[in-house]
Amino acid sequence: MPDLVARLGYPAGTSLLILTADDLGSSHAANVGVYQALRDGMATSASLMVPGPWARDAASRYRGEDIGVHLTVNAEYDLVRWGPITVAPSLLDGDGGFPRTVDDVAEHADIDELRRECRAQLERAVYWGFDVSHLSSHLGAMERRPELFDVLLELSIDFGLPLRLPDAALEADFGFPFRALAGDEGVLSPDRLVRVPVPLGAKKVRGAARRAVERALFELAPGVTELCFRPALDAGELRAMAPDWPARVDDLDLLIADSSLPSLATRAGAVLIGYRALRDLQRSR
């Protein structure tokens, strides 16, 4: 079968790049940042956390951008807790929200409850008016066990949506061939996934993020690469809830204000695309 680049209609050897803005709906600051990155910056796609406390606000701001659903079964913050939109006791921790860690989800999630919850999140996004472009899993929680991944894959097949998946190199660590399983069902995914890291110290954020992006673009290979950011506006709300707020603010600056990102992408020969290109190809088959 031809590689993904050729199937998308580009010449062999083309480097296609998706720049994703994650965590839409998690906060007002994230909503402002993500939509700025999409409308005034370089982001070509975004992902919505339907159970997030600001998801309805995100829906009210939607103007047809390339946005997927970030299936959410974790609530990692101590001070802001979100939880299931369905009755799902196995997806709750003792603090009234989703579990904080992906390991907790993997150990305790009831698969039927997980399936109902994830389908409800996707259907609610459609009900709100989103033209959903793809699926992903918040914190990679649903790629940890084959049973969890089956739910993600089932929704992708039923709704004709591509998946964000980790690189194939992680299949050995996870213990099952998630990319092969998706490919066998005709589900498309970018060839590579690069996440901008979250440095531990605020003073190190700016240099570390830019070095990671620069390296990713310098090493950009033919195929489809997804580079993930989490842009958010610098606001008291964000600083109060998210210990990693400096990295999120810096991601916004990278996508809308820093001239180095466009020049690096140009020098790398990158062609920017969104997830809808993959979705349309998947549905055409």
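Colleague: Which residue in β6 does arginine 195 stand opposite?

Modeller: Strands (E, at least two residues) and helices (H or I, at least four residues) are DSSP runs, numbered from the N terminus, and two strands pair if DSSP finds at least two bridges between them. In this case arginine 195 faces cysteine 228 of β6. The strands concerned, β5 (residues 192-195) and β6, pair in the parallel sense over 4 bridges. Please note that this is a predicted model, in which local features need pLDDT of at least 70, side-chain atom pairs count only at pLDDT 80 or more, and totals for chains, interfaces and linings use all residues. Residues are numbered from 1 along each chain as its sequence is written, and side-chain values use heavy atoms, with hydrogens and water left out.

Colleague: How many bridges pair β1 with β6?

Modeller: β1 and β6 are joined by 7 bridges, again in the parallel sense. Within that pairing, threonine 20 has cysteine 228 of β6 as its bridge partner.

Colleague: How many residues of β6 are buried?

Modeller: A residue is buried under 20% relative accessible area, exposed over 50%, and partly exposed in between (1.4 Å probe, protein chains only). For β6, 7 of the 7 residues are buried, so the strand is largely enclosed by the rest of the structure. Gly223, Thr225, Leu227 and Phe229 point one way, whereas Val224, Glu226 and Cys228 point the other way.

Colleague: Which residues of α13 are buried?

Modeller: In α13 (residues 275-284) the buried residues are Tyr275, Leu278, Arg279, Leu281 and Gln282. Seen down the helix axis, they fall within an arc of 165° (taken from the directions from the axis to the C-beta atoms), so they line one face of α13. The elements covering these residues by contact (heavy atoms within 4.5 Å) include β1 (15-24), β2 (45-48) and β6 (223-229).

Colleague: Which residues does alanine 265 touch?

Modeller: Leaving out residues up to four places away in sequence, alanine 265 touches Met42, Leu217 and Ala270. Alanine 265 is in α12 (residues 260-267) and is buried, with a relative accessible area of 6%.

Colleague: What is the phi of aspartate 23?

Modeller: Most residues other than glycine have a negative phi. Aspartate 23, although not a glycine, has a positive phi of about 70°. Aspartate 23 lies in β1 and counts as buried at 4% relative accessibility. Leucine 139, likewise not a glycine, has a positive phi of about 65°. Leucine 139 is in the loop between β4 and α6 and is partly exposed, at 38% relative accessible area.
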